[in-house]
Amino acid sequence: MSAVLTLSGLDCFYGEVQVLHGLSLELNKGEVLCLLGRNGAGKSTTLKAIMGLVPAKAGSIRLGDRELTALAPHEVPKAGVAYVPQGRRLFAEMTVAENIEIGLMARGKGKPTRDRVLDLFPVLRQRLGQRSGTLSGGEQQMLAMARALCLEPEVLLLDEPTEGLMPSMIARIRETISSLRGEGVSTLLVEQRLEAVLSVADRVCFIENGRARETVRASSLRDNPELVRRYVGVG
Amino acid sequence: MKSDTGCGKAIALHLVVIAGLFGLGFVLPEYHHGVLARVMVLAVFSMGYNVLFGYAGLLSLGHAMFFAAGLYGAGLSMIHLGWSAPAGFAAGVIAGAVLALGVGVLALRTTGVAFMIVTMMFSQVFYLLTLYFSVWTRGDEGLVIPQARRGLDLGAMRLDFTDPMTRYMLALGLFAIVLLLTLGVARSGFGRVLVAIRENEERTKMLGYDTFANKLSAVVVSGTFCAAAGAAYALLFGYVGSTFASVQYSIFPLLWVLLGGAATTLGPFLGTLFMYYVVDIASGYTSAYMLIVGLLLILLILYFPKGVLGTVRERWLRWLP
């Protein structure tokens, strides 16, 4: 499999505090790679570093042949990386349709993209005129993902997409991530729920103290609870 | 389809407002005729402020400098360089746009309270410059553009800006143009991006938008509208003074916009009209008129927390732009 996104020797700091220590990982085309680790391990920071929100002091982030650390944060999405942060962060005063439209405008996409995205989340079709701040948590998450997918990204970064959602919504999000895999979108997922990880991820990368410790096939985790216990503290 | 209907209603409403103001020009008593002409010019000022504050969410306390740039750009070029009224107007608008570009490039390196302070400081510098170069500006006292210069020769006919009807119609013309431009901005992709920046700048950036460039464009559009108001004020009312560059004139548009409804196209006009008349009427009864104005403002904010039209839109008319 060919790597679509490659992080090599990444060092990132919050002020004086080093958060990522030479972190390296590879995301292959069309796969779902999950970052797993304790709180504060550096999972979300890794996603922010890819987006340029946390500058890399050393190391490289390559999308195919393109170096992302050289880009301004607003240029990273144009290069083909979409990001759905923790907490969704919609434009609450805008309607569902306007949220989607602003996503489409960003890369000059039109109706075919809009239709494809709404096909992935049919519930949003019935809510197009509704203010996004009034949607349920699950619907907000779907809208956040829909808006990101309007960019038609090669790589999708999802930070805890199932956080605080009811089981039926979690299942819907999982299905969507799986169907994106079929479309060739590579997903880097930060997730805390082991069940969600096992059901959707191809591989799991354990992050500890800002370092990628081990990367294993997700299917192997069921037979190896010790690994999860060691890096996540549960299992 | 629903959105198309809303768009049609919005355009119709704006045209009705413009037509209504046109009709009022023929029926209003002399005093109110003059007041409304002045209010329309000042409403252009607050519509300019609204582009930056209402849509982009950037609170500036320095917009008096853009209004004054238009005012002095027109006034000084006409008085000292002998330029014609249209050339003076163009000079005022260009002065405001260039100033907005310069101030925007520097001030947008800051955000929030710092942005507010930096814009206020720039505006204070501008105000002090109008006092310092009193040889040209006559400082506090100001300049009066001679009546003979305030007009436009169109062959055998002369358009006299000091004539009340001409003044009213020119003020309405500028008001209508800026109102429709604001509606255009609000409905455009640029306007949507500004609202997205106001809601969540980082998220907007993460969708691939250059938020700095968009905010800078908003400052320039806003400053240009304000300068157009300033230049028109100089031409139509003939007075160019440093009072218009003082901090008070940076606070006025903020109040007008808050009252009428931020990020609504007609709110700034409504706010300006209301405040102008409240001050005008209250000052007729007592020298402590600001007390009455303050009480009314408190009541308005209590019952219309998003300004008059902002609250109307939220509660009843979702299609209102």
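Colleague: Which residues of α8(B) are buried?

Modeller: In α8(B), the buried residues are B:G191, B:R192, B:V193, B:L194, B:V195, B:A196, B:I197, B:R198 and B:E199. A residue counts as buried if 20 or more other C-beta atoms lie within 10 Å of its own, as exposed if 12 or fewer do, and as partly exposed in between, with C-beta atoms placed from the backbone. Helices (H or I, at least four residues) and strands (E, at least two) are DSSP runs numbered from the N terminus. The model is predicted: local features need pLDDT of at least 70 and side-chain atom pairs count only at pLDDT 80 or more, while totals for chains, interfaces and linings use all residues. Residues are numbered from 1 along each chain as its sequence is written, and chains are lettered from A and ligands numbered from 1 in the order in which they are written.

Colleague: Is α8(B) mostly covered or mostly open, and what covers its buried residues?

Modeller: α8(B) is mostly covered, with nine of its eleven residues buried. The cover includes α3 (96-106) of chain A, together with α2 (30-55), α7 (164-187), α9 and α10 (211-237) of chain B. Contact here requires that two C-beta atoms, placed from the backbone, lie within 7 Å.

Colleague: How many residues does each chain bring to the contact between A and B?

Modeller: Chain B brings 16 residues and chain A brings 20 residues. On the side of chain B that touches chain A, the elements that give two or more residues are α8 (189-199) and α9 (201-206) of chain B. The largest share of that side, six residues, comes from α8(B).

Colleague: What is the make-up of that side of chain B by class?

Modeller: The side of chain B that touches chain A has six nonpolar, four polar and six charged residues. Ala, Val, Leu, Ile, Met, Phe, Trp, Tyr, Cys and Pro count as nonpolar, Asp, Glu, Lys and Arg as charged, and the others, Gly among them, as polar.

Colleague: Where does UniProt place the "transmembrane region" feature in chain B?

Modeller: The unreviewed UniProt entry places it at residues 12-29, 89-108, 115-135, 168-195, 216-239, 251-279 and 286-304 of chain B. These positions are given in the numbering used here, feature names are shortened, and annotations may be inferred rather than shown by experiment. In the model, residues 168-195 of chain B are 96% helix and 0% strand, with the end C-alpha atoms 33 Å apart. Residues 251-279 of chain B are 79% helix and 0% strand, with the end C-alpha atoms 15 Å apart.

Colleague: What about B:Y285: buried or exposed?

Modeller: B:Y285 is exposed, because 9 other C-beta atoms lie within 10 Å. B:Y285 belongs to helix α12 (residues 267-285) of chain B.

Colleague: Turning to chain A, which domains are assigned?

Modeller: Chain A has domain 1 (3-80 + 154-232) and domain 2 (89-152), with bounds from an automatic or database domain assignment. The C-alpha centres of these two domains of chain A lie 23 Å apart. Their contact takes eleven residues from domain 1 of chain A and nine residues from domain 2 of chain A. On the domain 1 side, α2 (75-79) and α7 (167-182) of chain A each give two or more residues, and α7(A) gives the most, with four residues.

Colleague: In what order do the strands of the open sheet in chain A run?

Modeller: Four strands form the open sheet in the order β2-β1-β4-β5 (chain A), and the pairing is antiparallel. β2 and β5 (66-67) of chain A stand at the edges, each with a single partner strand, so one side of each has no neighbour in the sheet. Two strands pair if DSSP finds at least two bridges between them.

Colleague: How many bridges join β1 and β2 of chain A?

Modeller: Eight bridges join β1 (residues 3-14) to β2 (residues 17-28) of chain A. These two strands form a hairpin with two residues between them, and A:G15 in the turn has a positive phi of about 65°. β1(A) also pairs with β4 (residues 56-63) of chain A over six bridges.

Colleague: Which residues stand opposite A:T6?

Modeller: The bridge partner of A:T6 in β2(A) is A:E26, and in β4(A) A:T6 stands opposite A:R62.
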